[in-house]
Amino acid sequence: AVYFGGNSNAVAQATLGSPQFIGLLATNLIYPALAGGTNYYWRVDEIAGANTNPGPVWNFATAPVPWLLHDYGFSETVGTNTVDAVGGPAWSGGLPNGGTWSNGQLTLSANSQQYVSLPTGLVATLTNFTILAWTRLTSASNWARLFDFGNNPTTNMYLVPQNGSNGKIRFAITTSGSGGEQQINGNVALTTGTWHQVAVVLSVRTGVLYVDGLPVGTNSAMTLNPLLLGSTSNNYLGKSQYADPYLNGVLDEFRIYSQPLAAAEVAATYALGPSQMLNTNNPSLSAAAQATNLTLFWPLASAGFTLQSSTNLGLGKWLNITAPAPQIVGGQWQSILPLNPNNPPIFYRLVK
């Protein structure tokens, strides 16, 4: 038999013939979503007539969700303000020189010096973080900013689709001007006329730059973070602290997370597109078996979960399955594992 968990606290059973897959039993138990950062306990009891045989108690702790701190969706149709769907009205941004709203997107014209001005202190509390956005460049200019958060040319952090040194994407942060920048240099440039997702992730000392869900640059010696910039007052989308060109293009979603997203989570956000969010609820886990393989599936939005296996629930020992790594196939996560009907029962679950 092969057993697999619908989430980290429910185990479902599938029976393998020799070697045909039969299916799921009708007694599967799937719990609703549970809160993050909480300890839970569960037990399976065998009831025979009036007698109850209590089983062992298992416990697990759910992990805190990767908090989304700010989310600018650009869904406005009129006016010169853009709403933060997560942070609320206090974090609304303004368009000092206007912009064009259309189909949940914001078009900024470099010729009209259009940009978004976001409130003071937007990233003042962050050490680890993820900044993620979708953009389509109408034209590309060296040093035009996708974002630039700072006080002046001395203290700032920015992302440029095209730097003036080699024409490729770059993230930089500094508290001592351009000569003191700590950079993450990408190996690609953003093409014009095409939608791209870009993301910057800082986790302790390691910064990773992503384009379209894939890592394109890494710096493992980062010591600066937004907290060290202080409460920045010039927080721009499309404008620089310097006299650089304005961004000429379209924005669709700009998000700031208060913790680093894993590589799988960044890949999932790209595959989901700008209209969908990651789901931190415990996911359902499905299975399909063939003669020599067991394929496990779970929702695309449920990224960052680790697949584990155990041969004895009573011992409470679970092993991470790291190879083969889960892949995005057909709009969901998929992991194909070798299957031997002669092996003892194996239990599977997803944890985060």
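For sorting lining residues by class, Ala, Val, Leu, Ile, Met, Phe, Trp, Tyr, Cys and Pro count as nonpolar, Asp, Glu, Lys and Arg as charged, and the others, Gly among them, as polar. Here are some notes on the model, point by point.

1. **Ground rules.** This is a predicted model, in which local features need pLDDT of at least 70 and side-chain atom pairs count only at pLDDT 80 or more, while totals for chains, interfaces and linings use all residues. Residues are numbered from 1 along each chain as its sequence is written, and side-chain values use heavy atoms, with hydrogens and water left out.

2. **The cavity.** The structure holds 1 cavity of 30 Å³ or more. (On a 1 Å grid over the protein atoms alone, a cavity is a set of points where a 1.4 Å probe fits but cannot get out, and a pocket is an open set with protein on both sides within 12 Å along at least five of seven lines; lining residues have an atom within 4 Å of a point.) The largest cavity has a volume of about 30 Å³, where a volume is the space filled by probe spheres set on grid points joined across faces, edges and corners. Its lining consists of Leu137, Ser139, Ala140, Ser141, Ala144, Pro161, Gln162 and Leu247. By class, that lining splits into 5 nonpolar, 3 polar and no charged residues.

3. **The second largest pocket.** Helix H2 (263–272), strand S26 (306–310) and strand S28 (327–329) are the elements that give two or more residues to the lining; helices (H or I, at least four residues) and strands (E, at least two) are DSSP runs, numbered from the N terminus. The lining has 11 nonpolar, 5 polar and no charged residues.

4. **A tilted tyrosine pair.** There are 7 aromatic pairs in the structure. (Rings of Phe, Tyr and Trp, the last by its six-membered ring, pair if their centres lie within 6.5 Å; planes under 30 degrees apart count as stacked, over 60 as edge-to-face and the rest as tilted.) Tyr115 and Tyr246 form a tilted pair, because their ring centres are 6.0 Å apart and their planes stand at 45°. Tyr115 is in the loop between strand S12 (105–108) and strand S13 (116–118), and Tyr246 in the loop between strand S22 (234–237) and strand S23 (249–257), so the pair ties together parts that are 131 residues apart in sequence. (Buried means under 20% relative accessible area, exposed over 50%, and partly exposed in between, with a 1.4 Å probe and protein chains only.)

5. **Charges over rings.** Two contacts are worth a look in the viewer. Arg145 lies over the face of Tyr158, at 3.9 Å from the ring centre. Lys239 lies over the face of Tyr115, at 5.4 Å from the ring centre. (A charge sits over a ring if NZ of Lys or CZ of Arg is within 6 Å of the ring centre and within 35 degrees of the ring normal.)

6. **Strand S14.** In strand S14 (residues 129–137), 8 of the 9 residues are buried. S14 runs antiparallel to strand S19 (residues 195–203), joined by 8 bridges, and Trp134 has Gln197 in S19 as its bridge partner. With S23, S14 pairs in the antiparallel sense over 7 bridges, and Thr130 stands opposite Tyr257 in S23. (Two strands pair if DSSP finds at least two bridges between them.)

7. **Backbone points to check.** Most residues other than glycine have a negative phi, and most peptide bonds are trans. The bond from Ala323 to Pro324 is cis, with omega near -5°, and Pro324 lies in the loop between strand S27 (319–320) and S28. Asn103, not a glycine, has a positive phi of about 55°; Asn103 is found in the loop between strand S11 (100–102) and S12 and is exposed, with a relative accessible area of 74%. Trp143, also not a glycine, has a positive phi of about 75°. Trp143 lies in the loop between S14 and S15 and is partly exposed at 25% relative accessible area.
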